[in-house]
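This report walks through one protein chain, element by element. Keep the sequence and the 3D view at hand while reading.

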Amino acid sequence: MTVRFKIALTIFLTGVLTSIGVITTVFYAFERFEHETTYYRASAFLDRVLQKHTDIFAMQERFQSDFNGFLANLVLFEPDTQIYLLDASGTVVASSSEVALPVGFKVAMGPVMEAANPTPMPYVLGDDPENMGGPTVIAARVVHRSLIRQEPGSNGYLYVVCRKKGLQQGNLAALQGSLSRPTLVLILAVVALSTLLAAWVTAAVTRPLKKLTDSVAEVTRNGLEDWANTTSASGTPNLNGGSAVARDEIGQLTGGIQAMLHTVHTQWSMLRRLDHFRREGVSNLSHDLRSPLTATAACLETLETRWTGNEQRSDDRQLVEVALRNTRNAARMVQSLGDLAQLDEPEFKLRTEVMDLSELLDDVVLRFAERANRQNVKLEANPALSPATWTHSDGITFAAVDVELFERALANLVDNALKFCRAGDGICLEVQPMGHRVQVKVVDTGPGIAPADLPHLFDRFYQSRQSTAPATGEGGKGLGLAIVKRIVEMHGGQVNVGPSPQGGTCVTLDLPTFVPGAPPKRG
């Protein structure tokens, strides 16, 4: 639900609730008008009765058997009205009603005293002796006894009850007049007008906000480079659709986001240039260092060959061996730096082809078989791996990979495992389908990796405290595993490392499975 719709809905509901409130107020006002009209009519009726009959109590005492009929005649033409004669305590003495009331029946004196007060008031609600379920409109007047000396409690009250009645034809006509068609049309017109105003106000207020939202979404979708190309006449990228930025809060927000994006774009451009200079510098440095390192290694190998078997040159030959080993390590590091710089280039693309990864594992095992035999390390691919052990029924182990790069990643893992494995250890390369993924695992039974080093193992230039391989005396420079991670990520996969069940290390390369019939993805 958009902000624009929320604002329009809020204003529309406000109009509807206002209309309901107006109609409710009209009904309430009509009911109050009915009560006031009934009260004043009943009060005027009592005034006329008392003006014509000044000694009501004397008449009641003289004609007790006929007095109730006399009261009934007074309200003969008011079927919903009953008149009662009360004594000073509120006890009903006589009644116009045909309903026989219990002896000593009393009504509440509070409303009676309030209605009998000469002070004008809108209306009074009191007891209906025939129906004590709820208050009704009453009127009352004080009736004096014809006594030479008035004593406390000698007076009484003439009490009129005007029962609540249904809408009569005249009242119904009055209500219909209050809620006539023009009135309802006017109310509906107010609601419609408020709705149109709500739509207009909402559109006017949220239009800049919508443009800003769309522009930010476009920046998120297309990146800062395309955003920087769409500049305004002043040369500043505009988020407001080319229109002038208002000076209200939304305009200030737009200006703030523009300034923020301009700063981010400037810093991003600077970082891109620095990263480009870094990659270019590393690539050039790697290229420039390869030739002298190769020449140095060739010279050292020549000296080592000449002095082999010469006892007088044994000490010199040991120094040459150390220098040659370090030169080769430096050459490998320079080669890795160049490879990483090449892989980080945005223009670098994979040359993928679909192949069975189990065949690639066999090639890697053949490549390192001689070295593994020299170290007395057992190296094998998919040992005793049968379709029954696969977690996927069809056993698809095909994937679209750059064969050269992916073989390089596997070679780095096997090389790293051989550096740390001891004589008698084993290295196993496995490929297993896992639903829509395929996993390649390099598992060894070597000394394992410290838990503190696992989260940083694939970080560039990170070297564990145990990075010196005990079997060879050679340590890595934290680039081989970084190259593995980069290659796998370029294939749309991920790398995980953890302890193996045999107590060594298990490195898992998780890749998307190639589905037969689908075109391979090109990097």
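The model is predicted. Start in a loop: Asn376 lies between α10 and β7. Its phi is positive, about 60 degrees, although Asn376 is not a glycine. Most residues other than glycine have a negative phi.

**The five-stranded sheet**

The loop of Asn376 leads from α10 to β7. β7 belongs to an open sheet of 5 strands, in the order β7-β9-β10-β12-β11. The pairing in this sheet is mixed. Its edge strands are β7 (378-381) and β11 (494-499), each of which pairs on one side only. From one strand to the next, the twist averages 15 degrees. β7 and β9 (residues 426-434) run parallel, joined by 4 bridges. Within this pair, Leu379 stands opposite Ile427 in β9. Helix α10 (residues 357-374) packs on the sheet. α10 touches β7, β9, β10 (437-444) and β12 (505-512). The direction of α10 makes about 165 degrees with that of β7.

**Helix α12**

Helix α12 spans residues 480-490. Which residues of α12 are buried? They are Leu481, Ala482, Ile483, Val484, Ile487, Val488 and Met490. An α-helix has 3.6 residues a turn, so residues three or four places apart point the same way. After α12 comes Gly492, with a positive phi near 80 degrees.

**Antiparallel pairs**

Strands of a sheet pair through backbone hydrogen bonds, either parallel or antiparallel.

| Strands | Bridges | Sense |
|---|---|---|
| β1 (residues 81-86) and β2 (residues 92-95) | 3 bridges | antiparallel |
| β3 (residues 124-128) and β4 (residues 131-143) | 4 bridges | antiparallel |
| β4 and β5 (residues 156-162) | 7 bridges | antiparallel |

β1 and β2 form a hairpin, with 5 residues between the two strands. In its turn, Gly90 has a positive phi of about 95 degrees. Tyr84 has Ser95 in β2 as its bridge partner.

β3 and β4 also form a hairpin, here with 2 residues between the strands. Gly126 stands opposite Thr136 in β4. β4 pairs with β5 as well. There, Arg141 stands opposite Leu158 in β5.

Gln60 sits in helix α2 (residues 56-62). Is Gln60 buried or exposed? Its relative accessibility is 11%, so Gln60 counts as buried. Leaving out residues up to four places away in sequence, Gln60 touches Phe67, Leu85, Val93 and Ala94.

**A nonpolar patch**

Which residues make the nonpolar surface patch of about 340 Å²? Phe5, Leu9, Phe12 and Leu13 do. Phe5 has its place in helix α1 (residues 3-52). At 46% relative accessibility, Phe5 counts as partly exposed.

**The chain as a whole**

The chain has 523 residues, and 37% of them are buried. It holds 12 helices and 12 strands. Among contacts with a separation of 6 or more, 68% join residues 24 or more positions apart. The chain exposes about 30600 Å². Carbon and sulfur atoms supply 57% of that area.

Notes: Residues numbered from 1 in each chain as written. Predicted model: local features only at pLDDT ≥ 70, side-chain atom pairs only at ≥ 80, totals over all residues. Heavy atoms only, no water. Buried < 20%, exposed > 50% of the residue type's maximum accessible area, 1.4 Å probe, protein only. Contact = heavy atoms within 4.5 Å. Patch = residues over 30% accessible without salt bridge, like charges linked within 9 Å, V, L, I, M, F, W, Y side chains within 5 Å. Areas by Shrake-Rupley, 256 points an atom, 1.4 Å probe, with all protein chains shown as cover. Salt bridge = Lys/Arg side-chain N within 4 Å of Asp/Glu carboxyl O. Pairing = 2+ DSSP bridges. Axes fitted to C-alpha atoms, helices over the stretch in contact; angles between N-to-C directions.
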